[in-house]
Structure formats: structure tokens, C-alpha cells
Amino acid sequence: LFWSLATISLVWTMGQLVLRRAELGEFFGELIRYLLFTGFWAWMLNSGPAHSQLIIESMIKLAGGASGQNMMSPSGVLDVGFHLVDRALTQSSILSPLDSAIGIVLALVILVVAALVGVNMLVTLIACWIVAYGGLIVLGFGGSRWTSDMAINYYRMVLSLGLQVLAMVLLVGIGESFLRGYFTALEKNVSLHEQAVLLVVSIVLLVMVNRVPALLGTLANGSSPQYALGSGAGAGAAMSTASAAGALAATASRPALEGAGQLAKA
């Protein structure tokens, strides 16, 4: 794909110069620009995986150093939820069924929220490697100046995902450290108040993981943020669109209904 587009671009450029009867200096100038452009994108095509890997690994290392955790995995926050569920089940008693049931429910909700945080991080990491290696076909469009914007979008997307990973690892690292520290400082018998605090903290972490990385990723491509779990604005827009569609359908069907009524009277 790359060399086919490069050949087409060369033929078209030289053909235009021949039709214009350009001078020899103009021929050499266009040829030098073509060789520089084609050589640059050929190098970018061959080095695409290495560049993408460096960008993603650099962002992960930067965020890990900022959060104080060099090794980061999506299951880190999930482990805290499992430990809390285990402690809630261990301290449950038949003598206090209501408190035990509420504690188990709160622990399960915290586990679900922690699982959602881990899923968001896992999806972002998977998307990075899929785009880095599966999106290499787009770099083939760099062989022509008319389609080179598509090749530029590849690096924009990789940089955008790298920024999202940076924010994701930073937030999850700080949140995991806070949750682990608070969970370690808990009493042996976890109270409902302490579980409620952990639930609020985990929900705040989930909202931040859902919003901040997508917002930071827009710095690379300039597009509107796409939140991982959707947003209220999107739901409101969908409801508005559905209402408008219903009103349009009602307006469009009104003449048909009036015509049918007149036909029935006749």
C-alpha cells in the first residue's frame, strides 16, 4: 500500500511538471521534496511498533513513578475489594443478622465498583497494544501526500491512548494506595461506617477513572472526550433525540390519520 501510493504520487507530480513544461531546477526541487517526504514516512512505517511501544511504556513509567508504584496491574484495586468481602463474611454473625447482611451487601458493592475500575484500566491497556500493532496498516497511507493525514492520525491515537494510560495508572495507583492504607488501618471488626467510607472513596475513584483519562486524551487529537462508562450528557442527548423523533413521527402521521378519517366518513 505504501509503495503503491508513493508511485502514484511520483507519477502524478512529475506528470504535472511535464504538462507545465517546468524547468530543470523545478524538477530537481520536486524530486528532493518527494524523496524527503517518502523517506520520512518509510522510516515511520518501519519504526511504528517501536515508537508506539516507547510512547506507551514511557507514559506507564512516568505515571508509576509519580504514584510511587513501579509495578501496576488492573487487579490491584480489586484485591482490596476481595479482602473486604472476605472480612465481612468472616465477621458476620447469626446474632446480628441485619448488620451482617448490610455489611456483606456494602462489601459486595465495593467489590463491584473496584471491578469496574480494574476493567476500565484493563480495557485502556488492551486498546493501547491493539492500536499500536493492529493499526499499523494505517501507516501505509503515508506514501502519498493526499492520504498522509491518515498516517498522522495513527500517532495521534497512540499518543492519546498513552496520555489516557498515564492518567489511568496515576489515578489507580493513588487510589489503590489510599484504599490499602485505609483498609490496613481499619479495626479488626469493620463497622458499617468504615465500609460506607470505603464505598464513597471507591465510587469517587471510579468517576475520576471514567472522566479524567478521556479528558486528558483529547489533548492529542482535539476530539470530544469519550467516557468509558458513558455520561449523563450522552444519555440526555439520546433522550432528546428520541423525543424529537417521536414528535416528528407524530407530526408526519397526522395528515395520514386525518385523510383516513375523511375516507371513513365518506
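Is R20 buried, partly exposed or exposed? In this predicted model, R20 has a relative accessibility of 49% and therefore counts as partly exposed, since that class lies between the limits of 20% and 50%.

The setting of R20 is the pairing of two helices. Two packed helices are described by the angle between their axes and the distance between the axes. Here the axes of helix α1 (residues 2-20) and α2 come within 11 Å and cross at roughly 170°. Because angles over 145 degrees count as roughly antiparallel, α1 is roughly antiparallel to α2. On the α1 side, the contact is made by F2, W3, A6, T7, S9, L10, T13, M14, L17, V18 and R20. Helix α2 contributes E26, F27, E30, L31, Y34, T38, W41, A42 and L45.

Side chains of opposite charge can pair when their charged atoms come close. The structure holds two salt bridges. One joins the side chains of R20 and E26, with an N to O distance of 2.5 Å. E26 is partly exposed, its relative accessible area being 34%. The other salt bridge links R33 with E30, whose closest N and O atoms are 2.6 Å apart. Both R33 and E30 belong to helix α2, where they are three residues apart, about one turn of the helix.

Helix α2, which spans residues 24-46, also includes F28. With a relative accessible area of 49%, F28 is partly exposed. Together with L24, L31 and L35, F28 makes a nonpolar surface patch of about 400 Å². Of these residues, L31 is also listed in the contact between α1 and α2.

Notes. Residues numbered from 1 in each chain as written. Predicted model: local features only at pLDDT ≥ 70, side-chain atom pairs only at ≥ 80, totals over all residues. Heavy atoms only, no water. Patch = residues over 30% accessible without salt bridge, like charges linked within 9 Å, V, L, I, M, F, W, Y side chains within 5 Å. Areas by Shrake-Rupley, 256 points an atom, 1.4 Å probe, with all protein chains shown as cover. Salt bridge = Lys/Arg side-chain N within 4 Å of Asp/Glu carboxyl O. Helix = DSSP H or I, 4+ residues; strand = E, 2+ residues; numbered from the N terminus. Buried < 20%, exposed > 50% of the residue type's maximum accessible area, 1.4 Å probe, protein only. Axes fitted to C-alpha atoms, helices over the stretch in contact; angles between N-to-C directions. Parallel < 35°, antiparallel > 145°, perpendicular 65-115°, else oblique. Contact = heavy atoms within 4.5 Å.
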